[in-house]
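Let's take a walk through this one, a stop at a time. Have the viewer open and follow along.

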Amino acid sequence: MLAAVVSGFVLLFLSILMPNTLSPIARVVPPLVLLPTILLMTSCVLWLQSYFLPMLSPQRNIRRRMAEPAYNAVGEEMRTLRRNAVRGAGGYNRIPPREITGLQKACLLGASFLLACVVWAFIVSLLLQPRMENYIWDKDKEKARENERARDRITSPNRELSPGPGLPQIPLALAKAQMSLWIEPATRNAQISRMRQSNPEWEFTSRTFLVLALANVALRDTLLKPAALSVIDTIITETLDQERRHGQEVFFAVSQKGRRSDFLNSSRRSVFIDGQIAMMLGARRLVEENATWGEEMQQRTRLIVQEMREGPLLCGETYPNECRLVDCALAMATLRISNALDGTDYSGFINLWVGKARTTLVDKKANMLVSRFDFTGRPVVLEGPEGVSIWTTAHFLSVVDQGFAQEQYDNAARQLRTNFLAFGYSRARPSASDYARSPQQQQLEVEMDGLVPFLQASPGSSGRALVAAQTFGDTRWMRQLITSLEFLGFRTARERMHYISSNTTGDAVILYALVQGPLWEKLKATVRPPATPPKPPVPPEHHPLAPPALPPTESPAPAPAAAASSASPLPLPASTTPPATTTSTAEPAATFAPTP
Amino acid sequence: MNPRLPADVMITLRILAAFFGAAAVIWLSYLILEVCGARDTMPELLRGTSSSGSHLNNPDNSLAFMFYSGGYFCLYVAAVLVAPVLVLTGVFFSFAMYFARKTLQR
């Protein structure tokens with residue numbers, strides 16, 4: 001009773017201290033509900049005590065029960081023993097039964113606890129295991145469905161065909177929810193201002209990931225394609241408008257505001273902003289070509305190349321005198337898209353950048369790419385390998401240099417991939433690194449990253465790990481990560497489906513992780529094939545239709561674009577080689593086939 | 001409860017009741033906080049993961065709020081991971097005790 005009263009007062013006190021951010025119901029209901037509940041529980045405990053623990057119950061209860069015949073078998077036994085002892089030698093000399101010692105009980109309890117843990121771990125892994133078909137694309141099933149559709153098309157050509165393959169259940173709901181945010185201007189503005197208050201850089205990143213996700217959605221679900229393209233266009237228009245009106249600084253982190261003049265590159269631009277905008281434009285154009293966005297993207301890619309070529313390590317600045325590898329990797333992926341869409345040839349530059357990154361930007365101990373460094377030739381590393389950076393970098397590198405990306409993913413997975421029971425997560429940083437951090441820095445990181453103590457689990461890093469795991473086909477870890485997401489993300493569909501623990505950026509990253517695939521596949525498919533060497537002329541005697549006296553043909557000159565790329569590893573300065581010219585010269589290989 | 005039950009059965013029932021009771025307290029407390037809408041405070045609790053600022057610098061996140069929100073989070077994890085283990089431990093331990101006593105008395 002005393003405990004109940006004390007608990008009630010504590011709760012009332014806490015409810016008074018409760019901040020205004022909580023609803024009045026949430027402030028008042030706990031004491032009102034908890035007080036009678038605690039009273040109820042206390043009375044239950046007292047009742048149980050008097051029945052199950054008679055030694056602790058009041059004496060009068062014991063006397064009352066003892067008066068009942070055969071109250072307790074143990075008591076009866078004890079009475080018998082006592083009687084026998086009184087009878088002395090003449091009585092029946094009975095050996096008292098052996099009792100379990102305290103040590104034996106403790107051992108039994110420990111063994112039971114261990115067994116329970118093992119059994120529950122097994123049950124949890126089965127119960128909480130997500131149904132992966134609700135989350136990600138099943139390629140085999142889809143292939144079977146595609147074959148069925150193709151068969152239908154042949155057998156009944158007049159029948160109305162079902163729309164595209166469609167999205168799994170969860171990403172579909174997430175995509176619709178996030179699109180609805182951008183469709184209604186009121187919710188859109190509220191969302192943007194809320195995110196911008198906390199961190200404008202994250203708000204900007206959420207746009208990129210949402211555009212990438214919606215581009216994949218549009219390619220995967222033909223029914224959603226018009227709506228997805230409309231939202232993508234809205235996002236791009238709004239982003240460009242913001243940039244035009246307020247400059248690139250509008251998307252900078254709060255600590256970097258007002259530092260544009262400190263940029264060391266001549267154009268005073270951030271490769272982070274240019275790269276991500278170009279990525280949005282490229283993703284949009286990969287789904288469906290758009291002339292306006294095409295021109296904008298060509299300008300951006302030229303700017304990106306210019307900014308990066310000025311860097312001693314071919315890396316552009318994210319913020320003044322600060323380069324982030326993830327932004328450079330994203331910019332490289334953008335150049336790769338430009339090669340495919342506009343016929344530009346930045347492959348030499350991309351190869352050179354990858355070579356530089358391999359030699360100068362890899363942490364020797366962790367064998368992973370560093371995260372941040374300064375804008376000098378012998379870089380001062382500001383931050384060594386880190387989860388968010390390495391997973392995203394590996395993802396974008398997968399379209400730039402598959403081998404290097406896979407190598408980085410494998411190294412990162414070896415050092416950061418962790419799981420506890422069925423729950424997968426990523427650590428924030430590798431334990432071994434060339435770049436040690438001070439205790440103050442570590443404390444700051446714990447607060448900034450929201451690290452889970454003891455486990456060193458980083459929610460941000462785990463979110464990006466979801467993207468990388470899906471990119472590199474790490475299905476087992478993907479399942480474990482989704483298990484953690486579902487357990488700790490608190491998914492709700494009350495108004496619109498989202499994860500309560502997450503924010504807009506997190507939701508966009510999760511959606512992108514679940515739907516990614518078709519965009520990169522299309523990028524790989526639309527890549528302009530390199531100029532193939534001409535086929536050797538067929539000897540006239542083997543050619544049935546060959547004219548009898550053909551003069552020997554000479555090998556044709558390579559295409560101008562191909563020639564330029566083979567002669568020099570670097571493209572000409574971007575300003576002097578407009579993409580339109582490159583596109584017009586880089587004709588398909590068939591054009592240069594030997595003429596008879 | 002029948003007081004005429006044999007002593008072994010009574011001990012088994014006591015153990016089961018103790019462990020089930022502990023698990024029930026966790027589940028009940030979690031349910032109450034869930035009904036109160038404590039789940040909606042998770043973004044505030046996990047602010048450190050969703051913005052550049054730490055929750056410790058946020059004046060809205062007082063100690064009481066952290067207690068309320070953090071308590072919900074702990075109870076949520078305990079309701080899924082701890083309470084079932086308690087129940088299973090109770091079941092295993094009570095049967096182990098029962099059979100151990102029987103074996104020793106034989």
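Reading along the sequence, chain B runs α-α-α-α. That's 4 helices and 0 strands in total. Keep in mind as you look that this is a predicted model. Of the 106 residues in chain B, 37% are buried. What about its contacts along the sequence? Take the contacts in chain B between residues at least 6 apart in sequence: 88% of them join residues at least 24 apart.

Now hop over to chain A and find helix 11, residues 271–287. How many of its residues are buried? For helix 11 of chain A, 17 of 17 are, so call it mostly covered. As for its span, the 17 residues of helix 11 of chain A reach 24 Å from first C-alpha to last, close to the 24 Å expected at 1.5 Å a residue.

In general, two packed helices get described by the angle between their axes and the distance between the axes. Here, helix 18 of chain A (residues 459–471) packs against helix 19 of chain A (residues 475–488) at about 150°, with the axes 9 Å apart. Angles over 145 degrees count as roughly antiparallel, and therefore helix 18 and helix 19 of chain A are roughly antiparallel to each other. The crossing of helix 18 of chain A past helix 19 of chain A is left-handed.

Who makes the contact? On the helix 18 side of chain A it's A:Ser462, A:Ala465, A:Leu466, A:Ala469 and A:Gln470, while helix 19 of chain A brings A:Trp477, A:Met478, A:Leu481 and A:Ser484. Sort the residues of this contact by type and you get 6 nonpolar, 3 polar and no charged.

Methods
Residues are numbered from 1 along each chain as its sequence is written. Chains are lettered from A and ligands numbered from 1 in the order in which they are written. This is a predicted model: local features need pLDDT of at least 70, side-chain atom pairs count only at pLDDT 80 or more; totals for chains, interfaces and linings use all residues. Axes are lines fitted to C-alpha atoms, for helices over the stretch in contact, and angles run from 0 to 180 degrees between N-to-C directions. Helices (H or I, at least four residues) and strands (E, at least two) are DSSP runs, numbered from the N terminus. Angles under 35 degrees count as roughly parallel, over 145 as roughly antiparallel, 65 to 115 as roughly perpendicular and the rest as oblique. A crossing is left-handed if the near helix is turned anticlockwise from the far one by less than a right angle, and right-handed if clockwise. Two residues are in contact if their C-beta atoms, placed from the backbone, lie within 7 Å. Ala, Val, Leu, Ile, Met, Phe, Trp, Tyr, Cys and Pro count as nonpolar, Asp, Glu, Lys and Arg as charged, and the others, Gly among them, as polar. A residue is buried if 20 or more other C-beta atoms lie within 10 Å of its own, exposed if 12 or fewer, and partly exposed in between; C-beta atoms are placed from the backbone. The expected span of a helix is 1.5 Å times one less than its number of residues.
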